[in-house]
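Welcome to this short tour. Open your viewer, load the model, and follow along one selection at a time.

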Amino acid sequence: MLNKEPRKDGRGGRRKRRFQKPQSLGEIDRKVLATLLEKLGPRETSSQRESALKIVVKGIEIYRECAPRGSALTGTVQKNRRALEKLKKGKTETGQLPFNSFARVGKTLYGAASNGLYRIEDVPGRSAESYGDLESAIAGPLRTLAVIQQLAAGFRNVDPNIPFNGIVNVGTNGEQITTGDVLLNDLAKPQDREAELAGYCYLALARGLEKRVVLTQPKHHPKRSGFNYWQLLRLALIQAGVPLPNEELHSNPVRLERLMKAGEESAARMLAPAITHADGRTFSDFEMTFSET
């Protein structure tokens, strides 16, 4: 199955099958993809087919790079959420407030916390417990960001265990959204990478080949013709290394059609305005990624 809904007592978010190591898949077979695109668009120009190939290959590359490879959290999201709230309030093992940024003023090093500035030299008892009960999946990136911030501020002696949890946004209720919140939310509810890949396949046909996309497949609708989306998506899934048994693509047409529909929705999001210039011009994520298409 593509996705599996979690139990009520689970971590939250959709669980994914373990994704195999991308290096074991070999190079993307552009030739077999190009052959299929030529079959799907025999009257289209070579330039159109080349654009379609670029789009679908990009989707495969993103899936291989970003698809989940098993659960990053060993405990529950709720447990990490509580630990993150403690970190926000400075209730760490060392009693340190998490810093949002670091700066050097003359020869003195400062860290900015929610309740003011601290001389770094005055912060007591730094240790690996500064991040409290947060799991390594969250604490690790926060330590890395602490190092980056300290290096940018000109620290000579960098300490990855000085707690860092920068404020990145403010929620609708005025609550502060920190880097840790973003990390945890991404782990709790990961992006649907299969739908994203399906979206690239949809756009390869609609924007690359400039063809009408058929949202069905032959086993489920034997009297219809075309099935260009089904054919391209099926090949892209195989090339991306999606851990989905090949026979399931044939034996469960409803599930694959749901993925095709999710891909259509993903494509619509990629085509939605992402940037608006002062003169009113808008650009979508798709247009910025494939400016020549």
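This is a predicted model: local features need pLDDT of at least 70, side-chain atom pairs count only at pLDDT 80 or more; totals for chains, interfaces and linings use all residues.

**First stop: a helix**

Select Glu 85, which is partly exposed at a relative accessible area of 32%; buried means under 20%, exposed over 50%, and partly exposed in between, using a 1.4 Å probe and protein chains only. Glu 85 sits in helix α3, residues 77-88. Helices (H or I, at least four residues) and strands (E, at least two) are DSSP runs, numbered from the N terminus.

Residues are numbered from 1 along each chain as its sequence is written, and side-chain values use heavy atoms, leaving out hydrogens and water.

**Second stop: a loop**

Go to Glu 44, in the loop between α1 (30-40) and α2 (46-66). Is Glu 44 buried or exposed? Glu 44 is buried, with a relative accessible area of 16%. Beyond its neighbours within four places in sequence, Glu 44 is in contact (heavy atoms within 4.5 Å) with Arg 49, Leu 209 and Lys 211.

Select β3 (residues 99-105) and β4 (residues 108-113), which pair in the antiparallel sense over six bridges; strands pair if DSSP finds at least two bridges between them. Here Phe 102 stands opposite Gly 111 in β4. Two residues lie between β3 and β4 in their hairpin, and Gly 106 in the turn has a positive phi of about 65 degrees.
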